[in-house]
Amino acid sequence: MRVLNLDEPPLAPQPELGGHSDQPVHARIAHWLENLVVSGELMPGDKLPPEVEIATALGVSRMTLRQALSAVEAKGFIDRRRGRFGGSFVAAPRFELDHAALPGFTEQMRRIDVAPGAMVLRASTRRPDIVVSKALGLRRTDYVHEIQRVRTANGESIILEEAYLPAEPFPGLISKDLHGSLYAVMRDYGLSPCTADERIEAAPATLEQSEILGLAPASPLLIIVRTSYADNGLPVEFSRDYLRSDRTAIRIKSRAEPTPVTRLV
(Lines give C-alpha, C1' and ligand atoms only; values in the text may rest on other atoms or scores of the structure.)
Protein backbone atom coordinates (compact mmCIF):
# COMPACT_ATOMS: atom_id res chain seq x y z
CA MET A 1 0.00 0.00 0.00
CA ARG A 2 1.31 3.43 -0.94
CA VAL A 3 0.51 6.34 1.38
CA LEU A 4 0.42 9.26 -1.02
CA ASN A 5 1.87 12.72 -0.48
CA LEU A 6 0.45 15.88 -2.01
CA ASP A 7 3.94 17.22 -2.72
CA GLU A 8 4.85 14.26 -4.95
CA PRO A 9 3.42 12.65 -8.09
CA PRO A 10 0.84 11.44 -8.88
CA LEU A 11 -0.97 14.04 -6.73
CA ALA A 12 1.46 16.80 -7.63
CA PRO A 13 0.89 19.16 -9.26
CA GLN A 14 -2.69 19.79 -8.16
CA PRO A 15 -5.29 21.05 -10.64
CA GLU A 16 -5.86 24.78 -11.13
CA LEU A 17 -9.33 25.47 -9.78
CA GLY A 18 -9.41 29.24 -10.30
CA GLY A 19 -10.94 31.00 -13.25
CA HIS A 20 -14.24 30.52 -15.01
CA SER A 21 -15.59 27.03 -15.67
CA ASP A 22 -18.97 25.53 -16.51
CA GLN A 23 -18.27 22.83 -13.90
CA PRO A 24 -18.52 23.47 -10.15
CA VAL A 25 -15.30 23.11 -8.17
CA HIS A 26 -16.24 19.78 -6.58
CA ALA A 27 -16.91 18.29 -10.04
CA ARG A 28 -13.48 19.43 -11.27
CA ILE A 29 -11.79 17.84 -8.26
CA ALA A 30 -13.70 14.60 -8.85
CA HIS A 31 -12.70 14.65 -12.54
CA TRP A 32 -9.03 15.11 -11.57
CA LEU A 33 -9.06 12.13 -9.20
CA GLU A 34 -11.02 9.92 -11.61
CA ASN A 35 -8.53 10.62 -14.41
CA LEU A 36 -5.64 9.63 -12.14
CA VAL A 37 -7.34 6.29 -11.39
CA VAL A 38 -8.32 5.56 -15.01
CA SER A 39 -4.82 6.41 -16.26
CA GLY A 40 -3.26 4.02 -13.74
CA GLU A 41 -1.32 6.73 -11.93
CA LEU A 42 -3.38 5.95 -8.83
CA MET A 43 -3.38 2.21 -8.17
CA PRO A 44 -5.70 -0.05 -6.15
CA GLY A 45 -4.80 0.14 -2.47
CA ASP A 46 -3.21 3.61 -2.63
CA LYS A 47 -4.20 5.72 0.36
CA LEU A 48 -5.03 9.38 -0.24
CA PRO A 49 -3.82 12.03 2.23
CA PRO A 50 -6.24 13.15 4.98
CA GLU A 51 -9.18 15.26 3.82
CA VAL A 52 -8.01 18.36 5.64
CA GLU A 53 -4.64 18.22 3.86
CA ILE A 54 -6.21 17.81 0.42
CA ALA A 55 -8.71 20.62 1.05
CA THR A 56 -5.95 22.97 2.23
CA ALA A 57 -3.69 22.17 -0.73
CA LEU A 58 -6.54 22.76 -3.19
CA GLY A 59 -7.77 25.89 -1.41
CA VAL A 60 -11.32 24.59 -0.93
CA SER A 61 -13.57 23.86 2.01
CA ARG A 62 -13.83 20.38 3.46
CA MET A 63 -17.50 20.34 2.45
CA THR A 64 -16.52 20.93 -1.20
CA LEU A 65 -13.87 18.21 -1.01
CA ARG A 66 -16.31 15.77 0.56
CA GLN A 67 -18.74 16.41 -2.30
CA ALA A 68 -15.97 15.48 -4.73
CA LEU A 69 -14.93 12.37 -2.81
CA SER A 70 -18.55 11.22 -2.52
CA ALA A 71 -18.96 11.49 -6.30
CA VAL A 72 -15.74 9.54 -6.91
CA GLU A 73 -16.78 6.89 -4.37
CA ALA A 74 -20.23 6.55 -5.99
CA LYS A 75 -18.53 5.58 -9.25
CA GLY A 76 -16.50 2.90 -7.46
CA PHE A 77 -13.09 4.58 -7.84
CA ILE A 78 -12.34 4.98 -4.13
CA ASP A 79 -13.34 3.31 -0.89
CA ARG A 80 -13.80 5.59 2.14
CA ARG A 81 -13.39 3.82 5.47
CA ARG A 82 -13.97 5.05 8.99
CA GLY A 83 -12.12 4.29 12.19
CA ARG A 84 -8.55 4.25 13.39
CA PHE A 85 -7.23 2.67 10.20
CA GLY A 86 -9.68 4.48 7.94
CA GLY A 87 -9.21 6.99 5.16
CA SER A 88 -9.77 7.17 1.41
CA PHE A 89 -8.30 4.28 -0.58
CA VAL A 90 -8.20 3.71 -4.32
CA ALA A 91 -10.59 0.82 -5.01
CA ALA A 92 -9.89 -2.24 -7.10
CA PRO A 93 -11.92 -2.41 -10.34
CA ARG A 94 -15.30 -4.10 -10.06
CA PHE A 95 -15.83 -7.55 -11.54
CA GLU A 96 -18.19 -7.08 -14.48
CA LEU A 97 -20.93 -9.65 -15.06
CA ASP A 98 -22.55 -9.85 -18.49
CA HIS A 99 -26.30 -10.48 -18.27
CA ALA A 100 -26.98 -10.23 -21.98
CA ALA A 101 -26.62 -14.02 -22.25
CA LEU A 102 -26.68 -17.02 -19.89
CA PRO A 103 -23.09 -18.04 -19.17
CA GLY A 104 -22.55 -19.25 -15.62
CA PHE A 105 -20.32 -17.44 -13.15
CA THR A 106 -17.39 -19.80 -13.79
CA GLU A 107 -17.48 -19.21 -17.54
CA GLN A 108 -17.80 -15.44 -17.12
CA MET A 109 -14.81 -15.18 -14.81
CA ARG A 110 -12.64 -17.28 -17.12
CA ARG A 111 -13.50 -14.98 -20.02
CA ILE A 112 -11.92 -12.04 -18.18
CA ASP A 113 -8.92 -14.05 -16.91
CA VAL A 114 -10.16 -14.18 -13.31
CA ALA A 115 -9.86 -17.37 -11.25
CA PRO A 116 -13.39 -18.47 -10.19
CA GLY A 117 -14.08 -20.43 -7.05
CA ALA A 118 -16.94 -21.75 -4.94
CA MET A 119 -17.24 -22.58 -1.26
CA VAL A 120 -20.25 -24.78 -0.47
CA LEU A 121 -22.03 -23.64 2.70
CA ARG A 122 -25.02 -25.97 2.50
CA ALA A 123 -26.32 -28.69 0.16
CA SER A 124 -29.42 -30.69 0.99
CA THR A 125 -32.61 -32.12 -0.47
CA ARG A 126 -35.84 -30.94 1.12
CA ARG A 127 -39.39 -29.75 0.59
CA PRO A 128 -39.44 -26.28 -1.00
CA ASP A 129 -41.17 -23.23 0.41
CA ILE A 130 -44.10 -21.75 -1.50
CA VAL A 131 -42.00 -19.21 -3.43
CA VAL A 132 -39.56 -21.83 -4.74
CA SER A 133 -42.35 -24.32 -5.43
CA LYS A 134 -44.31 -21.79 -7.48
CA ALA A 135 -41.26 -20.63 -9.46
CA LEU A 136 -40.37 -24.23 -10.41
CA GLY A 137 -43.95 -25.36 -10.99
CA LEU A 138 -43.68 -28.16 -8.42
CA ARG A 139 -46.34 -30.31 -6.80
CA ARG A 140 -46.93 -30.38 -3.06
CA THR A 141 -45.06 -33.69 -2.72
CA ASP A 142 -42.00 -32.67 -4.77
CA TYR A 143 -38.52 -32.01 -3.39
CA VAL A 144 -35.72 -29.64 -4.36
CA HIS A 145 -31.96 -29.64 -4.03
CA GLU A 146 -30.93 -26.52 -2.08
CA ILE A 147 -27.35 -25.37 -2.67
CA GLN A 148 -25.87 -22.34 -0.93
CA ARG A 149 -22.40 -21.27 -2.02
CA VAL A 150 -20.04 -18.33 -1.81
CA ARG A 151 -18.61 -17.48 -5.24
CA THR A 152 -15.09 -16.09 -5.30
CA ALA A 153 -13.07 -14.16 -7.88
CA ASN A 154 -9.30 -14.42 -7.48
CA GLY A 155 -9.98 -15.70 -3.96
CA GLU A 156 -12.22 -12.75 -3.00
CA SER A 157 -15.79 -13.46 -1.86
CA ILE A 158 -18.15 -11.43 -4.07
CA ILE A 159 -21.44 -13.36 -4.36
CA LEU A 160 -23.61 -15.36 -1.98
CA GLU A 161 -25.57 -17.77 -4.16
CA GLU A 162 -28.74 -19.68 -3.22
CA ALA A 163 -29.87 -22.16 -5.89
CA TYR A 164 -32.86 -24.50 -5.89
CA LEU A 165 -33.13 -27.30 -8.46
CA PRO A 166 -36.05 -29.76 -8.78
CA ALA A 167 -34.89 -33.07 -7.34
CA GLU A 168 -36.72 -35.41 -9.73
CA PRO A 169 -34.85 -34.51 -12.96
CA PHE A 170 -31.53 -34.21 -11.08
CA PRO A 171 -31.23 -37.40 -8.99
CA GLY A 172 -28.12 -37.54 -6.82
CA LEU A 173 -27.04 -34.03 -7.74
CA ILE A 174 -25.86 -32.99 -4.28
CA SER A 175 -23.37 -35.87 -4.26
CA LYS A 176 -21.62 -34.31 -7.27
CA ASP A 177 -18.65 -31.92 -7.09
CA LEU A 178 -20.33 -28.56 -6.46
CA HIS A 179 -17.14 -26.49 -6.20
CA GLY A 180 -17.10 -25.61 -9.90
CA SER A 181 -19.77 -24.69 -12.43
CA LEU A 182 -23.25 -25.78 -11.37
CA TYR A 183 -24.41 -25.28 -14.96
CA ALA A 184 -21.76 -27.78 -16.10
CA VAL A 185 -23.17 -30.33 -13.64
CA MET A 186 -26.67 -29.65 -14.98
CA ARG A 187 -25.41 -30.19 -18.54
CA ASP A 188 -24.38 -33.72 -17.54
CA TYR A 189 -28.10 -34.38 -16.94
CA GLY A 190 -28.99 -32.89 -20.34
CA LEU A 191 -30.90 -30.04 -18.67
CA SER A 192 -28.69 -26.97 -18.69
CA PRO A 193 -30.41 -23.54 -18.61
CA CYS A 194 -31.35 -22.17 -22.01
CA THR A 195 -33.49 -19.15 -21.10
CA ALA A 196 -34.13 -17.26 -17.88
CA ASP A 197 -36.47 -14.74 -16.32
CA GLU A 198 -34.44 -12.41 -14.07
CA ARG A 199 -35.25 -9.57 -11.71
CA ILE A 200 -32.63 -7.24 -10.21
CA GLU A 201 -33.22 -5.61 -6.83
CA ALA A 202 -31.23 -3.79 -4.17
CA ALA A 203 -31.33 -4.38 -0.42
CA PRO A 204 -29.13 -4.02 2.67
CA ALA A 205 -27.19 -7.10 3.72
CA THR A 206 -28.45 -9.03 6.71
CA LEU A 207 -26.08 -9.71 9.59
CA GLU A 208 -25.49 -13.27 8.33
CA GLN A 209 -24.87 -12.13 4.74
CA SER A 210 -22.50 -9.42 5.97
CA GLU A 211 -20.44 -11.94 7.92
CA ILE A 212 -20.29 -14.38 4.99
CA LEU A 213 -19.23 -11.72 2.46
CA GLY A 214 -16.95 -9.78 4.83
CA LEU A 215 -19.03 -6.60 4.76
CA ALA A 216 -20.16 -4.06 7.29
CA PRO A 217 -23.74 -4.75 8.48
CA ALA A 218 -26.44 -3.35 6.19
CA SER A 219 -24.01 -2.82 3.30
CA PRO A 220 -25.85 -2.50 -0.04
CA LEU A 221 -26.26 -5.67 -2.08
CA LEU A 222 -27.48 -6.26 -5.62
CA ILE A 223 -29.90 -9.18 -5.72
CA ILE A 224 -30.61 -11.16 -8.87
CA VAL A 225 -33.69 -13.38 -8.61
CA ARG A 226 -33.72 -15.88 -11.46
CA THR A 227 -35.87 -18.70 -12.82
CA SER A 228 -34.05 -20.66 -15.54
CA TYR A 229 -35.57 -23.00 -18.11
CA ALA A 230 -34.19 -25.88 -20.18
CA ASP A 231 -34.68 -25.84 -23.95
CA ASN A 232 -37.84 -27.95 -23.53
CA GLY A 233 -39.38 -25.24 -21.32
CA LEU A 234 -38.92 -27.12 -18.02
CA PRO A 235 -38.03 -24.84 -15.06
CA VAL A 236 -34.68 -26.20 -13.86
CA GLU A 237 -33.38 -23.56 -11.47
CA PHE A 238 -34.66 -20.91 -9.09
CA SER A 239 -31.90 -18.83 -7.56
CA ARG A 240 -31.11 -15.72 -5.58
CA ASP A 241 -27.66 -14.23 -6.06
CA TYR A 242 -26.55 -11.61 -3.52
CA LEU A 243 -23.78 -9.52 -5.10
CA ARG A 244 -21.43 -7.15 -3.32
CA SER A 245 -22.27 -3.83 -4.96
CA ASP A 246 -18.78 -2.49 -4.18
CA ARG A 247 -17.06 -5.31 -6.10
CA THR A 248 -19.43 -6.18 -8.94
CA ALA A 249 -21.10 -4.45 -11.87
CA ILE A 250 -23.77 -5.78 -14.22
CA ARG A 251 -23.59 -5.19 -17.95
CA ILE A 252 -26.70 -5.56 -20.10
CA LYS A 253 -26.66 -4.95 -23.85
CA SER A 254 -29.98 -3.54 -25.04
CA ARG A 255 -31.44 -2.97 -28.46
CA ALA A 256 -34.23 -0.59 -29.44
CA GLU A 257 -37.32 -2.14 -30.94
CA PRO A 258 -37.85 -1.07 -34.57
CA THR A 259 -40.48 1.63 -34.94
CA PRO A 260 -43.24 0.61 -37.33
CA VAL A 261 -43.52 2.83 -40.39
CA THR A 262 -46.93 4.42 -40.84
CA ARG A 263 -47.87 4.77 -44.45
CA LEU A 264 -49.86 7.83 -45.45
CA VAL A 265 -52.73 7.12 -47.82
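Which residues of helix α2 are buried? In this predicted model, the buried residues of α2, which spans residues 51–58, are Glu51, Ile54, Ala55 and Leu58. These four positions cover an arc of only 95 degrees around the helix axis, which puts them on the same side of α2. An α-helix has 3.6 residues a turn, so residues three or four places apart point the same way. The cover over the buried residues of α2 includes helix α1 (25–38), helix α3 (62–74) and strand β1 (78–81). Just after α2, Gly59 adopts a positive phi of about 70 degrees.

Helix α3 also contains Ala68. This residue is buried, with a relative accessible area of 0%. When neighbours within four places in sequence are left aside, Ala68 is in contact with His26, Ile29 and Ala30. The C-alpha atom of Ala68 is separated by 38 Å from that of Asp197, a residue 129 places away along the chain.

An open sheet is formed by 6 strands in the order β4-β5-β6-β9-β8-β7, with antiparallel pairing. Strands β4 (116–126) and β7 (195–204) are the edge strands, each pairing on one side only. From one strand to the next, the twist averages 15 degrees. Within this sheet, strand β5 (residues 144–153) is joined to strand β6 (residues 156–166) by 10 bridges, and the two run antiparallel. Ile147 stands opposite Ala163 of β6. The loop between β5 and β6 holds Asn154, a residue with a positive phi of about 55 degrees although it is not a glycine. Asn154 is exposed, its relative accessible area being 51%. A positive phi, of about 70 degrees, is also found at Ala218, again not a glycine. Ala218 is placed in the loop between helix α7 (207–213) and strand β8 (220–229).

A further pairing involves strand β3 (residues 95–98) and strand β10 (residues 248–251), which pair in the parallel sense over 4 bridges. The bridge partner of Glu96 in β10 is Ala249. In a regular strand the side chains alternate between the two faces of the sheet.

In one of them, the rings of Tyr164 and Phe238 have centres 6.3 Å apart and planes at 35 degrees, so the pair is tilted. Tyr164 belongs to strand β6 and Phe238 to strand β9 (residues 235–244), so this pair ties together parts that are 74 residues apart in sequence. Tyr164 is buried, with a relative accessible area of 4%, and Phe238 is buried with a relative accessible area of 4%. In the other pair, the ring centres of Phe170 and Tyr189 are 5.3 Å apart and the planes stand at 75 degrees, so the arrangement is edge-to-face. This pair links distant parts of the chain, 19 residues apart: Phe170 lies in the loop between β6 and helix α6 (182–188), and Tyr189 in the loop between α6 and β7.

The two partners of the edge-to-face pair can be described individually. Phe170 is buried, with a relative accessible area of 0%, while Tyr189 is partly exposed at 22%. Not counting residues up to four places away in sequence, Tyr189 touches Pro169, Phe170, Pro171, Gly172, Leu173 and Lys176. From C-alpha to C-alpha, Tyr189 and Thr206 are 35 Å apart in space, with a sequence separation of 17 residues. Another aromatic ring, that of Phe89, has Arg81 lying over its face, at 4.1 Å from the ring centre.

The bond from Pro9 to Pro10 is cis, with omega near 5 degrees. The bond from Ala12 to Pro13 is likewise cis, with omega near 0 degrees.

Conventions:
Residues numbered from 1 in each chain as written. Predicted model: local features only at pLDDT ≥ 70, side-chain atom pairs only at ≥ 80, totals over all residues. Heavy atoms only, no water. Pairing = 2+ DSSP bridges. Axes fitted to C-alpha atoms, helices over the stretch in contact; angles between N-to-C directions. Buried < 20%, exposed > 50% of the residue type's maximum accessible area, 1.4 Å probe, protein only. Arc of directions from axis to C-beta. Contact = heavy atoms within 4.5 Å. Phe/Tyr/Trp six-rings, centres within 6.5 Å; stacked < 30°, edge-to-face > 60°. Lys NZ or Arg CZ within 6 Å of the ring centre and 35° of its normal.
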